[in-house]
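Thanks for making time, everyone. Have a look at the screen.

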Amino acid sequence: MRDVQPKASHFISGQYTHDTSAPEMVSLYPFTGEVTARLHEATDAEIDAAFTAAAAAQKTWAALPPVERGRVLRRAADILRERNQELSEIETIDTGKPIQETLVADAESGAQALEYFGGLIAAVTGETVPLGEDFVYTIREPLGTCVGIGAWNYPIQIACWKAAPALAAGNAMIFKPSEVTPLSALKLAEILVEAGAPEGLFNVVQGTGRVGAALISDPRCAKVSLTGSVPTGRKVYAAAADGIRHVTMELGGKSPLILFEDAEIENAVSAAINANFYSTGQICSNGTRVFVHEDIHDAFVKRLAERTATAKLGDPLDPEVTVGPMVSDTQRQKVLACIEAGKEAGANLLFGGDVPEGPGYFLTPAAFDGVTDDMALATDEIFGPVMSILTFRDEDEVIARANATDFGLAAGLFTRDIKRAHRVVAQLEAGTCWINTYNLTPVESPFGGNKMSGVGRENARAALDHYSQVKSVYVCMGDVEAAF
Ligand code: TXE
C-alpha cells in the first residue's frame, strides 16, 4: 500500500509545517483499521500564520488580470489529472471508498471545478447602469480570506469545489479538512503552488471543530463555506453571524426519489442503487426515501434485491470491489443503531445491514420495505448504505409526502411522461433535482440545498456570486447641488 504520511500536518505559506507539541490526530485505513498517517492539530500560532500568509498572497493575487488567475487554476487542473492515480489511492486509503469510484469521482471532479472556474473568471464583467448623463458601473470584488471547512466523504472534491470559485474570484483560502480525512487537501495545496499560485494563497490547517471555530472567529475571516451536518451548520452559521461573515452551507439531506408507475425499471433500480449505496451511502444528496408506485413495487424490489446481491465488498484498493467499508467504526455504529431502530419500528428489512466477518468497517447494503413517513428511517439522515422504500398511489400525495421534511437538498423522479416530470419537479422543495437519473453533479450545474439543507450554491456561475461582492460606482458628470 502507498505510504500516505505527509511531510507535516499543515501547508501554510507554501510550506509543510507543524508543531509537534500540539495534540496528535491519526488517519486510519478503514479496510484494516491501521494507522496510515500521524498529524497534529493546528495551534493558535499556526492559525495566525495562515491568516497572515493568506492576506499577503491575496493582495498580489487579486491584482492579477483574471485571465492569469484562471491560467494557474487550469494548470492545477491538469496536474490533478496527471496525478489522478496517486490522488485516488490517497483518497481511497483515507476514506475507504472503492478505487473504482475515486478514480472517476474525486480528484477528477476537483479538476473539473478548477478548469471551469479558471475558464469562466475572465468572462465575468460588471454592469453599466445609465442614469441620463450620470451612470453607475459595478465591479465584482473578492471578499478577502475565505475559510473552507470540509466533511470526510469527498475530501478533495469538497476542497476543490470551495477553492476553485474562491481563488478564481480573487480570494485567498484557509481550508480545514475533516479530522477524519486530512490527507488529500494537502496535495491540492502543493499542486496549486506548483501551478503558479502565490505561496499562502491556499493554506491547509488540520484539526477538529475547535480549529474550525477558531478560524471562523478570527476577524480576518471574510467568509466561511462549510460542508457538514446540520448541527455543525447551526454552530458555524451562528459563529459567522457574530462577525457578519458571508456563508455557504452545504448540509445534510433526506432526499426523495420518486418512481412513478411508468418508470423504466432497470434505470430506476440503477438510480436507487447509486442514490443509496455509492460511496457506501455516505453522500449528502442521496435519495434515501424511495417512493415507489404500488403498481411497480414488486418488480422494483425483485430487481433491486437481485442486483444488490452482486455487489462486491472487499479491499477498496481492489479495482473489482464495488462497496468499500464505511469511513470509521463510529459511523458504522451510528448506522447500525438506525437499522435496529428501523426494525423495532416495524419496517421490513429486505436484505443487508450485516457486519461481515473479517477486517474493515463494513456494513452490507440494506433496504427496508414498508417504511412509513413517521419512522426515523424516513425522517433522519442516516449517512450509510440504508435505503427506505415507501409506497404511494397518487401524484399529489407523493409530492406532499416528499416535501414533508425539514431538509431540501435534492430530489429525483422517474417517469416517461414528460409533462408529469416537469409538473412534479416544479413542486418539489429541493435545490437540486434529477429527472430519470440521480446524483449527477456536473460543475456546470448549481448545487445546494433549500430549507435546513443549506444556504448558497456551489458550482456553476452561481458559486462566484457567493465568493464576491458587488461595488457600485456612481459617476457624476454634472455639477453637485446643495441646499446651502
Ligand atoms: O460532520 P460534522 P462529520 C453528516 C452525516 C454524518 C455527520 C457527521 O450525517 O453522520 O454529518 O459527520 C467541522 N466549528 N455529514 O463528523 O461534524 C469538522 O471538524 C467549525 C453530512 O464529518 O458536521 C468537520 O471538518 N467547524 C455531510 C466539518 O465541520 C466545525 C458530509 C464537518 O463536521 C465545528 C459528511 C465547529 N463548531 C457528514 N464542529 C454532507 N452534507 O455532505 C465541527 N466542525
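How many cavities of 30 Å³ or more does a search of the whole structure find? The search finds 3. Before the details, some ground rules. This is a predicted model, where local features need pLDDT of at least 70 and side-chain atom pairs count only at pLDDT 80 or more, while totals for chains, interfaces and linings use all residues. Residues are numbered from 1 along each chain as its sequence is written, and side-chain values use heavy atoms, with hydrogens and water left out.

Now the terms. On a 1 Å grid over the protein atoms alone, a cavity is a set of points where a 1.4 Å probe fits but cannot get out. A pocket is an open set with protein on both sides within 12 Å along at least five of seven lines. Lining residues have an atom within 4 Å of a point. Grid points are joined across faces, edges and corners, and a volume is the space filled by probe spheres set on the points.

The largest cavity holds about 60 Å³ of space. It has 15 lining residues, and Pro 256, Ala 402, Thr 405, Ala 410 and Glu 429 are the closest to its centre. Helix H14 and strand E17 (410–414) each supply at least two residues of that lining. Helices (H or I, at least four residues) and strands (E, at least two) are DSSP runs, numbered from the N terminus.

The second largest cavity has about 40 Å³. Its lining includes Lys 254, Cys 284, Glu 381 and Phe 383. By class, that lining has 4 nonpolar, 5 polar and 2 charged residues. Here Ala, Val, Leu, Ile, Met, Phe, Trp, Tyr, Cys and Pro count as nonpolar, Asp, Glu, Lys and Arg as charged, and the others, Gly among them, as polar.

The largest pocket has a volume of about 970 Å³. It is lined by 39 residues, with Ala 151, Trp 152, Gly 228, Ser 229 and Thr 232 closest to the centre. Which helix gives the most to this lining? H9 does, with 7 residues. The lining of the largest pocket divides into 17 nonpolar, 14 polar and 8 charged residues.

The second largest pocket has about 640 Å³ of space. Of its 30 lining residues, Tyr 154, Gln 157, Asn 439, Leu 440 and Thr 441 lie nearest the centre. Its lining has 15 nonpolar, 12 polar and 3 charged residues.

On to helix packing. H2 (residues 66–82) and H7 (residues 184–194) pack at about 125°, axes 8 Å apart. Axes are lines fitted to C-alpha atoms, for helices over the stretch in contact, and angles run from 0 to 180 degrees between N-to-C directions. H2 and H7 are therefore oblique to each other. Angles under 35 degrees count as roughly parallel, over 145 as roughly antiparallel, 65 to 115 as roughly perpendicular and the rest as oblique.

Who touches whom? In H2, Val 72, Leu 73, Ala 76, Ile 79 and Leu 80 meet Leu 188, Ile 191, Leu 192 and Glu 194 of H7. Contact means heavy atoms within 4.5 Å. That makes 8 nonpolar, no polar and 1 charged.

Last, back to H14. H14 (residues 395–403) packs with H15 (residues 418–427) at about 35°, axes 10 Å apart. Glu 395, Ile 399 and Asn 403 of H14 make the contact with Arg 420, Arg 423, Val 424 and Gln 427 of H15. These residues divide into 2 nonpolar, 2 polar and 3 charged.
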